[in-house]
Amino acid sequence: MNLPPSLVVFLGLLSWFPGASRAAKVIVVPPIMFESHLYIFKTLATALHQEGHETHFLVSEGREVPPSPHYRFQRYPGIFNSSTADNFLQSKVRNIFSGRLTFLELFDILDHYSQNCDAVVGSGEVMARLKRERFDLLLVDPNEMCGFVIAHILGVKYAVFSTGLWYPAEVGAPAPLSYVPEFNSLLTDRMTLMQRITNTGVYLVQRFGVHFIALPKYDRIMKKHGVKPQVAMADLVQGSRLWMLCTDLALEFPRPTLPHVVYIGGILTKPPNPLPQLSLSFDGVAPRRCRAGVGTTAASQCRSVAPSTREFEVWVNDTADHGFVVVSFGAGVKYLSDDIAHKLAGALARLPQRVVWRYRQRARLLSAIHKDQPGHPVTRAVYWIGYLLRHAGAAHLRSSVYHVSTLQYFLLDVVAAVASVAALLALALYRIARWLKGSKGSKSAGPAAAAAAAAAGGGGGVREEDDALTNGHCYSEAVVANGKHKRNGALRSEKKIN
């Protein structure tokens, strides 16, 4: 059957457009806490729904998530509900602000993540239900590493959707520590010798923590529940088909990367809206204006401004020459101790407004850089998810870095091979040099020895030479007694001559 040319062209264009991929079922495994992460995934699910895809969220039974036609839920009996998860997170924040070591609190959070993963993987009913859904793709939040395990159990292709400023070394991209600062090192890409030493130390400590503390927790979970086929958690992390990082080069330092790592930072950005024409409550907290003064406390440096639209507009216009500061700690931080709040207020009060205005200039520059990119980050994220679905996981984007050992990655085997060959060559040259030296010495010693013997014998002829060679060695009775010559075998008696 011959199709009309116009229909052929139409079908070709339809297959080429990014939105032309078939409708797919995508499951998202968000972390058991941090509602801001879930908000990002809901934004992504809305965009996927507009492309015809079906998105499911795997959340605990007690987690309160507003229903929406853009996504569905897969529930499981977890260790947290919404209130207990929030209480646990706020307790960690209070402990950190109270001076407790941050990494201790992070280890506790990690332990609860693994406990929740144990509950999910151990639920046969939940796993069977998820298998029946026959998902096409699973999106993993690296904060909730259980997503890697679930994807392996379901036999589903998976991609990482990182919701933080995180580019882990486990991605496999080169990370020269001389100019790539490790996450949480508080360093830049311009480092002194001591800073490079610090960066190396942070890198080694974090790699130790990941490979000997974090990942083994999930290895034990898979072994406990008999997950087949057996695979190491480190291999599951490196098996991701795509890494989508919610960061941007406007905020990050340039670094080497890989083809299957894409930046989608700014996924929640929206155009600014004008001030509403209604009263502003600011969640019950009126905006406060702070002035620096000598001998004043933090509380006396700030005064409340009425929250009506008109007065707020006047307040904003009054700071137009210098700008104003907006302080936000994210959705996960709901607690600040009085001590920290007063210190923060005092520090902000001492800032000259012109400095805030220069902050402002830097922010505008970074904003311009961030916005100068093809399409909105949500659009790019949806495109890459569709790309994975259209090209069966896009294995062609994955580098061979995941198939080489540590020795091969750092070329240690090459160094050993080259060093071995160099050592063998050096040994051979040394032996040849010794042989040549010995051969030359023996040739030069022969004529000199003959001349000396002739001079000592006075030309006695052959008989004298024969007598001199009695007993197989050169000696002269007139000069050296028998058995006394150094090379005469230490003869003890004249009988040995006869």
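**View 1. The largest cavity has a volume of about 60 Å³.** Welcome to a predicted model, in which local features need pLDDT of at least 70, side-chain atom pairs count only at pLDDT 80 or more, and totals for chains, interfaces and linings use all residues. Residues are numbered from 1 along each chain as its sequence is written, and side-chain values use heavy atoms, leaving out hydrogens and water. A cavity is a set of points on a 1 Å grid over the protein atoms alone where a 1.4 Å probe fits but cannot get out, and its lining residues have an atom within 4 Å of a point. To trace the lining of this largest cavity, look for V29, P30, I32, L58, Y76, N116, V120, E144, C146 and I150. Eight of these residues are nonpolar, one is polar and one is charged. Helices α4 and α6 (146-154) each supply at least two residues of that lining; a helix here is a DSSP run of H or I with at least four residues.

**View 2. The second largest cavity holds about 40 Å³ of space.** How many cavities of 30 Å³ or more does a search of the whole structure find? There are two.

**View 3. Helix α4 (residues 102-121) packs against helix α7 (residues 193-224).** The two axes, lines fitted to C-alpha atoms over the stretch in contact, lie 10 Å apart at an angle of about 20°. This makes α4 roughly parallel to α7, a label given to angles under 35 degrees. The crossing of α4 past α7 is right-handed, meaning that the near helix is turned clockwise from the far one by less than a right angle. On the α4 side, F107, L110, D111, Y113, S114, C117, D118 and V121 make the contact, and on the α7 side I213, A214, K217, Y218, I221 and K224 do; contact means heavy atoms within 4.5 Å. By class, nine residues of this contact are nonpolar, one is polar and four are charged.

**View 4. Helix α4 also meets helix α6.** Their axes come within 10 Å and cross at roughly 20°, and α4 and α6 are therefore roughly parallel to each other. As α4 passes α6, the crossing is right-handed. Here C117, V120 and V121 of α4 meet C146, V149, I150 and I153 of α6. Which classes of residue make this contact of α4 with α6? Seven residues are nonpolar, with no polar and no charged ones.

**View 5. Helix α5 (residues 124-133) crosses α6 at an angle of about 65°.** The axes of α5 and α6 are 10 Å apart, and their crossing is right-handed. M127, L130 and K131 of α5 touch I150, I153 and L154 of α6. Five residues in this contact are nonpolar, none is polar and one is charged.

**View 6. R129 has its place in helix α5.** Where does R129 find contacts, leaving aside its neighbours within four places in sequence? It is in contact with Q74 and R75. R129 and Q74 are 55 residues apart in sequence, and their C-alpha atoms are 8.9 Å apart in space.

Methods:
Axes are lines fitted to C-alpha atoms, for helices over the stretch in contact, and angles run from 0 to 180 degrees between N-to-C directions. Angles under 35 degrees count as roughly parallel, over 145 as roughly antiparallel, 65 to 115 as roughly perpendicular and the rest as oblique. Ala, Val, Leu, Ile, Met, Phe, Trp, Tyr, Cys and Pro count as nonpolar, Asp, Glu, Lys and Arg as charged, and the others, Gly among them, as polar. On a 1 Å grid over the protein atoms alone, a cavity is a set of points where a 1.4 Å probe fits but cannot get out, and a pocket is an open set with protein on both sides within 12 Å along at least five of seven lines; lining residues have an atom within 4 Å of a point. Grid points are joined across faces, edges and corners, and a volume is the space filled by probe spheres set on the points.
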